[in-house]
Amino acid sequence: MAGFLLSRNFFCIALIVALALGQEMPSFAQGPDIPDTPLIVFSTPINQNTANFQFYQELYSEAFGRLGYEFTLVFHPVKRSLASADEGVTDGEAGRIEQILQTGNYSNLVLVPEAVGWMDIAVYSRDGQAAFSTWDDVDTYRDSDATFAHTRGFVAVETQLPNRVDPSSIFTTSSAAQGCRMLETGRVRFLIEPKVIIDILFRG
């Protein structure tokens, strides 16, 4: 399986607006060690056993700590993570691309336009005959019989791919592992996933 770099997407913080803009940050819990210290809880679809999860945990702990808040990061699946933030179950989402809000599905979220990380998105194939460096390279397959797979809820792909290839050629999976199996068995020609996720699968 050969991997090809597709693009780099910058992530931004998405915070809940449960109160009118300009009022203080909402809090749904109390810090475990200091009872009167408010606790900020963010959700994320990033696996707890990765360096990215630890990075966000340390980054926001430092940032909110300077403001007098405790902070913790919790894992939720991709769409549930957004829903939890939008419904006020958690105080926000650790990192998302700005296109999230363009879907119109998360009216209670407001974007804080501060880049806090990035992720390489890669296209994988079995034959290694295609090379991708930008989304425009995907356009060359618009009128072909090539098929693509990606994990459901991967908004960076969901907002781009259907505009560049025939939507009927796109398959969504429940996990990157399922997408890899589809690629291995020839059910799809290309798999689009964050490189870090595929790297973790290979190491496992």
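**Exercise 1: a glycine in a loop**

Apart from neighbours within four places in sequence, Gly 68 is in contact (heavy atoms within 4.5 Å) with Thr 37 and Pro 38. The model is predicted: local features need pLDDT of at least 70, side-chain atom pairs count only at pLDDT 80 or more, and totals for chains, interfaces and linings use all residues. Residues are numbered from 1 along each chain as its sequence is written, and side-chain values use heavy atoms, with hydrogens and water left out.

Task: Locate Gly 68 and state its relative accessible area.

Solution. 
1. Gly 68 sits in the loop between helix 1 (51-66) and strand 4 (70-75). Helices (H or I, at least four residues) and strands (E, at least two) are DSSP runs, numbered from the N terminus.
2. Its relative accessible area is 42%, so Gly 68 is partly exposed; buried means under 20%, exposed over 50%, and partly exposed in between (1.4 Å probe, protein chains only).
3. Pro 38 is 30 residues away along the chain, and the two C-alpha atoms are separated by 7.9 Å.

**Exercise 2: a threonine in a strand**

Task: Why does Thr 151 count as buried?

Solution. 
1. Thr 151 belongs to strand 7 (residues 148-151).
2. Thr 151 counts as buried because its relative accessibility is 13%.
3. Beyond four places in sequence, Thr 151 touches Thr 173, Ser 174, Ser 175, Ala 176 and Glu 193.

**Exercise 3: contacts of a phenylalanine**

Task: Which residues does Phe 148 touch, not counting those up to four places away in sequence?

Solution. 
1. The residues include Val 138, Tyr 141, Leu 161 and Val 165.
2. Also among them are Ser 169, Ile 170, Phe 171, Val 188, Phe 190 and Ile 192.
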